[in-house]
Every structure is written in structure tokens, then in C-alpha cells.
Amino acid sequence: MICKNDLFEIDITDLNNLGSGVGHTADGMVVFVPGAVTGDRVSARAIKVTKSYAVAKLETVVLPSPYRAKSDCSASLSCGGCVYRHVNYEYEKECKRNYVRSAFRKAGLQDVPVGELRSVGVLSGYRNKAQYPVGVDRNGNLFAGFFAANTHRVIPIADCRLTPPLFGEICRAVLTLCDKALISAYNEQTGKGLLRHLYLRRNVKGEVMLCLVVNGRELPHEKEFADAICRQFPQIVSLYVNVNRQNTNVILGEDYRLLAGLPYLEDVLCGLRFRISPQSFYQVNHDACELLYGIAKEKADLRGGERLVDLYCGIGTIGLSMIDRAKSLVGVEIVPEAVDCAKENAALNNIANATFLCADLSENEPMLARVAKETGEDFAHSVVILDPPRKGTTRALIEEIAQNNVPKVLYISCNPDTLARDCAIFRENGYEIGEVTTVDLFPRTGHVETVVLMTKK
Ligand code: SAH
């Protein structure tokens, strides 16, 4: 029996996707030790003890695990973003595959094979998007950082290993200008202060979209600010202010105002041009995303006569990247600005046989019925692509897909737990589940992307 504040030694036998080493006490209690690694023997102090588990703080590593690697970020433990920064990449890959396997086991799908994690092998600087909260230091100067894990305290990490160094440089320059203009940092506790977040996106060419999130209608001396920052960084091709006056932890408000440049950032993905508005989702890891879409296309094994139905389509990336091998495409997405981008993206790439609808897929409106009504076709030769947000899709939608006898469903997911839950519903409804391919879109973090093809029996 361990009690709070006890110091004890423990062998670590597992590493979870939140970055905690897992061990068991002699009497069988599960202990989570953040920062410890499978194969370590550690000395740890209990900081929380409940009936079923305990959490302990790592004090010393008594015997280090062979999986350990030197962390190249001083902030990884406090930030909590890179849960695998202190283990070697081979072991990270194994952990992620095991996470997906265990999600399928828990959903009663232990027979579904889970493939080795595929990766493009780039472990740093891969993120093309970042949102930094703004804090203020002891001297009253603004800094960009991250929220310390599970808190609302901003900790300064000028240069995150996952983002391009240019992001850090732009942040520093923006904040120097803001300091000169005596702009204050937003404080979540009091709801006061102006500058909340810096939101950046970059394309493969190195061009940047910068958006300043403010708790107010505008930034003082906006015009001068825009001129100065764009002069200093010609890479900035699009500059926005986003207005967020709500006292919430949601980063972005509804109103965007373009201060300079273009209303979108354009990127090239899978050989196609894509315009991305600031409201739209876009995969954060460009090269790994191409790998993922390539695998998805291979699994779809298109013969040319298929109709693609791309649900949760964002700006249309997946469907448009496969249309050269299919007959037509219908995309459905909830964010109107993303739907606008999707339409524009089809035109930009001279794709005429694609249509996009703005609709909420979680409403129990039969969506395929609506698609059929608008396009006048049935689903006998269709491939439905599902790429929902973390919470997965709905039972109603899965049942509608099954009732329409859709022969192939391609499910792409960033959450193994909801993927496995939804695959189980597909199986109940007569679908055979293919091998789950895992792709590392988020190296060093606890997240993993997956793609699976399901076929109607
Ligand atoms: N397939 C796209 C986007 C995937 S992210 C890509 O690969 O880039 C998930 C998308 O689902 C987001 O664009 C999000 O806006 C959209 N979405 C979330 N909830 C939705 C809902 N209830 N109905 C329709 N779309 C939704």
C-alpha cells in the first residue's frame, strides 16, 4: 500500500500515449510516473493516490531503460506536447502501433491487423501551423509560449522543436512591435488585456499566414504594424486580425479582418494547388500527409467509374487528390469558409466533376439521401471517405452508409479509440475491416493517424 508523499522504487513496464511510464506496486496497484520509460527502474514520490491507481513524480532514474534518448527540448516535460521526446524513435513507433492495437482490442476487434507505423522520418520542424498564447514576463515584456500541461499558465518556449524556426523569429518580431505600441497580453483569469494568441501557418514554399488574436475590435496602429511586420518578413503573404472577446479557452473568435496580403495561404499537396483560409482545417504535417493520402488512394484501388463521397472534407484535399482515378466527387463539410475553399480548389485545378455541400454531419438528417437528391445518383459504385474530427462519426451515418450498400468505405482518423468504436459499428452492419495502416503525422507527440478500408460483404 502506498500513501501520498511516499518515496518508493518501481519498475516501469509500459509507456502510455500521455507520456506516463506505467508500473505496478507489489500489491498490484497501477502507478503512473510521467517522464519514466518502459524498462526504467525509478525512484518516485506519490503525489496522488486513489482506490484504483496512483500518480508519482519521477525523482531519480535508478536504472535507465535502453529505450531512453536524450531529450533535445528543455521544456518537453512542462509543455506536455512531446510525450516521446525522451525515448528513441523506434520505440515511439512501437508504442503508437500498440496504442492502436489496444484500442481495437478494447472495441472487441482484436482480430483486425494493425500495420507497422509508416513515417517520412522527419522528427522536427514538420508542423506548418502553430498557435502560441501570449504572456508577459517580469519586466513587462510580451512573450509567446505554450500553456504548461493541464494549466492556463503560459510558459515561454521561444522555439518549439516541432515548428519551423521562422515561426519563433516572427513571434519575437511581432511582440517587439507590440511592446513598443504598449499592447498588453490577455489574461485568462481577469479577462483583461488585448493580445491573446499568435496563429501562424506556413506552406511548402515558406510563405506565411499570420493572424493576431485580440480581445478587442482592433490592434492600435494596425496599418503601421502591418507595414512594419510585412517589411521585416516578406514571407508573410497574408495578415489577419481575429477578434475573440469571449472569456473562454477557445482560441479563435468568429470575426477575421484581413490587414494585408491575400485572404488565404496557398499550398501544393499531392501535386494540386490548395487555398487555405484561416478558418479551415489543413493537415499540419505536409509530407506525412502526402504519405497518408497516397496510402488511402492505394487502398481505395479506384478503377475510374467510382463516385467519391468525401465526408468531413475540409478544403477538399482527400477527394480532390483521388479524383484523377474516379468519375465524380461530392464533399460535405460544416465550416462554410472551408467549403468555399474546396470549391475554389476544384476550379483552381481545373476539376469540373466535383461539388461541395455545407452541412452538419452530426445532425440526424440522412446525409446520403441529400447527396443523392442533389446529384441524382445512387451509391452502387461509390467510395465513401470518412475523415471526422477526434470524436469520430455517428452511428446514424454508419447505418445510412450500410443501408445504401456503399461497397467501399475509407476511414481516416486521428483518434484510434473512436476509429475502433466506429469500425465495430461498421462490422455490425456487414462490413469487413481491412488492415489498419498507422501513419506518423505527429512524431514525438502522443498522436497517431490511421487509415482503414472497409468493404461491404
Ligand atoms: N478531410 C479534410 C479535413 C479533415 S478534419 C482534410 O484531410 O484536410 C475534419 C473536418 O471535419 C474539419 O474540416 C471539420 O471542420 C469538419 N467537421 C467537424 N464536425 C463536422 C460535422 N459535424 N459535420 C461536417 N463536418 C464536420
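Predicted model: local features only at pLDDT ≥ 70, side-chain atom pairs only at ≥ 80, totals over all residues.
Q: Is Y312 buried or exposed?
A: Y312, whose backbone lies 3.0 Å from a ligand nitrogen, is found in the loop between β15 and α6 (317-322). Its phi is positive, about 65 degrees, although it is not a glycine. Its relative accessibility is 17%, and the cut-off for this class is under 20%, so Y312 counts as buried.

Q: Where is D301, another residue with a positive phi?
A: Most residues other than glycine have a negative phi. D301 is not a glycine, yet its phi is about 45 degrees. At 33% relative accessibility it counts as partly exposed. Its place is in the loop between α5 (286-300) and β15 (307-311).

Q: Which residues make up the covered face of strand β13?
A: In a regular strand the side chains alternate between the two faces of the sheet. Strand β13 covers residues 265-269, and its uncovered face has E266 and V268. The covered face has L265, D267 and L269.

Q: Which residue in β14 stands opposite L265?
A: Strands β13 and β14 (residues 272-276) run antiparallel and are joined by five bridges. They form a hairpin with two residues between them, and C270 in the turn has a positive phi of about 50 degrees. Across from L265 stands I276.

Q: In what order do the strands of the closed barrel run?
A: The barrel is built from five strands with mixed pairing. Its neighbouring strands are turned by 50 degrees against each other on average, direction ignored. The order is β1-β2-β3-β5-β4.

Q: What is the bridge partner of L15 in β2?
A: Strand β1 (residues 7-15) and strand β2 (residues 20-24) run antiparallel. Three bridges join them. In β2, the partner of L15 is G21.

Q: Which strands are the edges of the open sheet?
A: The open sheet has seven strands in the order β8-β7-β6-β9-β10-β11-β12, with mixed pairing. An edge strand here pairs on one side only. The edges are β8 (154-156) and β12 (255-261).

Q: Which residue in β7 stands opposite G135?
A: Strands of a sheet pair through backbone hydrogen bonds, either parallel or antiparallel. Strand β6 (residues 129-136) and strand β7 (residues 142-147) pair in the antiparallel sense over three bridges. Opposite G135 stands F143.

Q: How far apart are the C-alpha atoms of F225 and D310?
A: F225 lies in helix α4 (residues 222-232) and is buried, with a relative accessible area of 8%. Along the chain, F225 and D310 are 85 residues apart. Their C-alpha atoms are separated by 41 Å.

Q: Which residue's backbone nitrogen does the side chain of N415 reach?
A: N415 is found in the loop between β19 (408-413) and α10 (416-428). Its relative accessible area is 9%, so N415 is buried. At 3.0 Å, its side chain reaches the backbone nitrogen of D417.

Q: Is Q189 buried or exposed?
A: Q189 is found in the loop between α3 (165-180) and β9 (195-202). Its C-alpha atom is 8.8 Å from that of H152, 37 residues away along the chain. The relative accessible area of Q189 is 67%, and the cut-off is over 50%, so Q189 is exposed.

How values were computed: Residues numbered from 1 in each chain as written. Heavy atoms only, no water. Polar contact = N/O pair within 3.5 Å; in protein donor to acceptor, adjacent residues only side chain to side chain. Buried < 20%, exposed > 50% of the residue type's maximum accessible area, 1.4 Å probe, protein only. Helix = DSSP H or I, 4+ residues; strand = E, 2+ residues; numbered from the N terminus. Pairing = 2+ DSSP bridges. Axes fitted to C-alpha atoms, helices over the stretch in contact; angles between N-to-C directions.
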